[in-house]
Amino acid sequence: MQFPLAPARLAALALTALALTGCASTGSGTGAIGYYWQSLRGHVQLMQAAEPIDQWIARDDISPALRERLQLAQRARAFAVAELGLPDNASYRRYADLQRPAAVWNVVAAPPYELKLHTWCFPVTGCIGYRGYFSEADAQAEAAQLAAQGLEVEVYGVPAYSTLGYMNWAGGDPLLNTFVAWPEGDFVRLLFHELAHQVVYAEGDTLFNESFATAVERIGVARWLATQATEPARAAAATSEARRHAFRTLTRAARARLKAIYEQNEPQAQAESSLIAMKTGAMEAFRADYAKLRAQWLAPQDGTAPLATTAQVAGYDRWVARANNASFAAQAAYDELVPAFEALHAREGGDWPRFYDAVRQLARQPQPQRQEALRALLPAPH
């Protein structure tokens, strides 16, 4: 049974949600008031839909698969605290079934000849390279307005988002149906990623924040799989990670090609047709390379099962089909500085408190200095 929030707590929740969603830009998408309202309403509905995991487990009307997964979540939550030094708070101790495939839909945008995300500025999170909507239709409307301004846009569903710990007083960020059924490795990975955002957050630096959280998830899930998972779960995670690594390698190469094209060829009016041709060629080469990789994944392996099913590559298929500057730039935020954070973790002897303290020190520096310090930690290119 769900219990409505008391009026005073609902009012406080409203103020916090408004602070998190921030100020909508003038004339953009649904407008300031509309954006505030959809953010507030969507977050309040999400929070009110959540119930403690123990209550869900005790119910007799849930499937055995969901019960097992919620129990797994409890074990992973305890592991995150004990082994990774992640926060021991209210987050991810409740579960909500939103009856939809995504928690929110993000809009990202970039200029036609630059891998630089358009940004929106918010009071708590600073300027970030995406804007979230609880309605896909609202996200598509925002994307259409940005496209009309000449930007390349992408709309994608997000399975979870972090309120950076600001909502722990109201029950914390909940587990959601949008990712609870994922394979064990991916499920645990996302849990660690979102908790990492509550440890360190540098205002207005999406690249820093997402690369840090991705490093935590990678190191954390490797430790989880090695010590907690069954052999089938480890095997499935290894195969999934191999696909992810191969795809990241492919997209990094494509980003590098596009970046070189844009930096070496200023979009002057008389040369724009040539620039368009080079960009088109780079995108066609990327899609051709992906087609070869996809064929390798789906081909039988020496009489054994293929490395992937069509269902397992469907997400990659969609990403590649819609790939543009916005999607490439958004992806870069999640992997560009990850090796630097992994190197920092190793430098601190794998000690999580020391690692987090080092990351906090970086977060306190001005953005150019912190990114320069991280880039100095990047392994030398082969």
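**Notes on the predicted model**

1. The torsion about the S-S bond of Cys-121 and Cys-127 is about 95°, so the disulfide is right-handed. The sulfur atoms of Cys-121 and Cys-127 lie 1.9 Å apart, inside the 2.5 Å cut-off for a disulfide. By that rule the count for the model comes to one.

2. This is a predicted model, and confidence should be read before any detail. Mean pLDDT for the chain is 89, with 90% of the residues at 70 or more. Two stretches need separate mention. Over residues 1-19 the pLDDT stays under 50, and the model has 27 contacts beyond four places in sequence for them. Residues 21-30 also stay under 50 in pLDDT, with 29 contacts beyond four places in sequence. I would ask that the text quote the pLDDT, under 50, alongside the contact counts for residues 1-19 and for residues 21-30.

3. On the sheet: three strands form an open sheet in the order E1-E2-E8, and the pairing is mixed. Its edges are E1 (51-52) and E8 (175-176), each of which pairs on one side only. Strand E2, residues 94-96, runs parallel to E8 and is joined to it by two bridges. Within this pair of strands, Tyr-95 stands opposite Leu-175 of E8.

4. On the second largest pocket: how much space lies in it? The volume is about 1,200 Å³. Its lining has 39 residues, and those closest to the centre are Leu-207, Arg-255, Ala-332, Glu-336 and Arg-375.

5. Which elements each supply at least two residues of that lining? They are strand E5 (126-128) and the helices H7 (206-227), H8 (231-264), H11 (325-335) and H14 (367-377). Helix H8 gives the most, with nine residues.

6. Among the residues closest to the centre, Arg-255, Glu-336 and Arg-375 fall in the charged class, while Leu-207 and Ala-332 count as nonpolar.

How values were computed: Residues numbered from 1 in each chain as written. Predicted model: local features only at pLDDT ≥ 70, side-chain atom pairs only at ≥ 80, totals over all residues. Heavy atoms only, no water. 1 Å grid on protein atoms, 1.4 Å probe; cavity = no way out; pocket = protein on both sides within 12 Å on 5 of 7 lines; lining within 4 Å. Points joined across faces, edges and corners; volume = space filled by probe spheres on them. Helix = DSSP H or I, 4+ residues; strand = E, 2+ residues; numbered from the N terminus. Pairing = 2+ DSSP bridges. pLDDT = per-residue confidence, 0-100. Contact = heavy atoms within 4.5 Å.
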